[in-house]
Amino acid sequence: MRWTCLLIVILLLATTRPTDVGQTTQGRNGSGHELMQDCSLYFKFLGQTGAGRVDTFAENPFGMGYCAGVVRGVVNFANFFLSDTVCLPASVTAASAVWVIIRYLNDHPGLLHDTDTKLVLRALQEAYPCR
């Protein structure tokens, strides 16, 4: 039984192909420009329902997921490791965090060449400073 399970796992691993490899390698560099596009579309998606939501999702699902992941990752990092620098209220939702990022990027267009994670952290620090 143990050998059968091991054989099945090996066969599954050997025949599995990632489906989004093309999207992850299409010249993405993690800049503020990309973050602005991805998060603007993701914010639009969060505000829609029904068919409009499906149409928006079809535009760039990878980019929206990328925005959501970067924002969530930086929020979690800030909550655990920078709790004296960024004080996020418990009421912060995904939509409100993304809106903070979009507003920051719009207000600081000269910083769009910086890395996305750095920009997300700066936006959160500006929006939710500890006092």
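**Disulfides, core and surface of a helical model**

Counting bonded cysteines along the chain, the disulfides of the protein pair up as 1-2, 3-4. There are 2 disulfides in the structure, which is a predicted model.

The pair formed by C39 and C67 has its sulfur atoms 2.1 Å apart. This pair links distant parts of the chain, with C39 in helix α3 and C67 in helix α5, 28 residues apart. The link of C39 and C67 is right-handed, with 105 degrees about the S-S bond. Both cysteines, C39 and C67, are buried.

The other pair is C87 and C130, with sulfur atoms 1.9 Å apart. Here too distant parts of the chain are linked: C87 sits in the loop between α5 and α6, C130 in the segment after α7, and 43 residues separate them. The link of C87 and C130 is right-handed, with 105 degrees about the S-S bond. Are C87 and C130 buried, partly exposed or exposed? C87 has a relative accessible area of 34%, so it counts as partly exposed.

The protein has 7 helices and 0 strands, and from the N terminus on its elements run α-α-α-α-α-α-α. Among contacts with a separation of 6 or more, 68% are between residues 24 or more positions apart. Of the 131 residues, 30% count as buried.

In soluble globular proteins, nonpolar side chains tend to be buried together. The largest nonpolar core of this model has 28 residues, and V71, I101, L105, V120 and L124 touch the most other members. Four helices each supply at least two residues of this core: α3 (32-46), α5 (61-81), α6 (94-107) and α7 (116-127). What does I101 touch, not counting residues up to four places away in sequence? The residues are L35, V71, V120, A123 and L124. V71, V120 and L124 are also among the core residues that touch the most other members.

Leaving aside neighbours within four places in sequence, Y42 is in contact with M64, C67, A68, A94 and V98. One of these contacts, C67, is the disulfide partner of C39. The C-alpha atoms of Y42 and N60 are separated by 9.0 Å, although these residues are 18 residues apart along the chain.

The last stop is the surface. The accessible surface of the protein comes to about 8500 Å², and 61% of it belongs to carbon and sulfur atoms. F77, F80 and F81 form a nonpolar patch on this surface, with about 400 Å² of accessible area together. Where is F81 found? F81 is in helix α5, the helix that also holds C67. Its side of the classification is clear: F81 counts as exposed because its relative accessible area is 60%, and exposed means over 50%.

Key
Residues numbered from 1 in each chain as written. Predicted model: local features only at pLDDT ≥ 70, side-chain atom pairs only at ≥ 80, totals over all residues. Heavy atoms only, no water. Core = buried A, V, L, I, M, F, W, Y, C linked by side-chain atoms within 4.5 Å. Buried < 20%, exposed > 50% of the residue type's maximum accessible area, 1.4 Å probe, protein only. Contact = heavy atoms within 4.5 Å. Patch = residues over 30% accessible without salt bridge, like charges linked within 9 Å, V, L, I, M, F, W, Y side chains within 5 Å. Areas by Shrake-Rupley, 256 points an atom, 1.4 Å probe, with all protein chains shown as cover. Salt bridge = Lys/Arg side-chain N within 4 Å of Asp/Glu carboxyl O. Disulfide = S-S within 2.5 Å.
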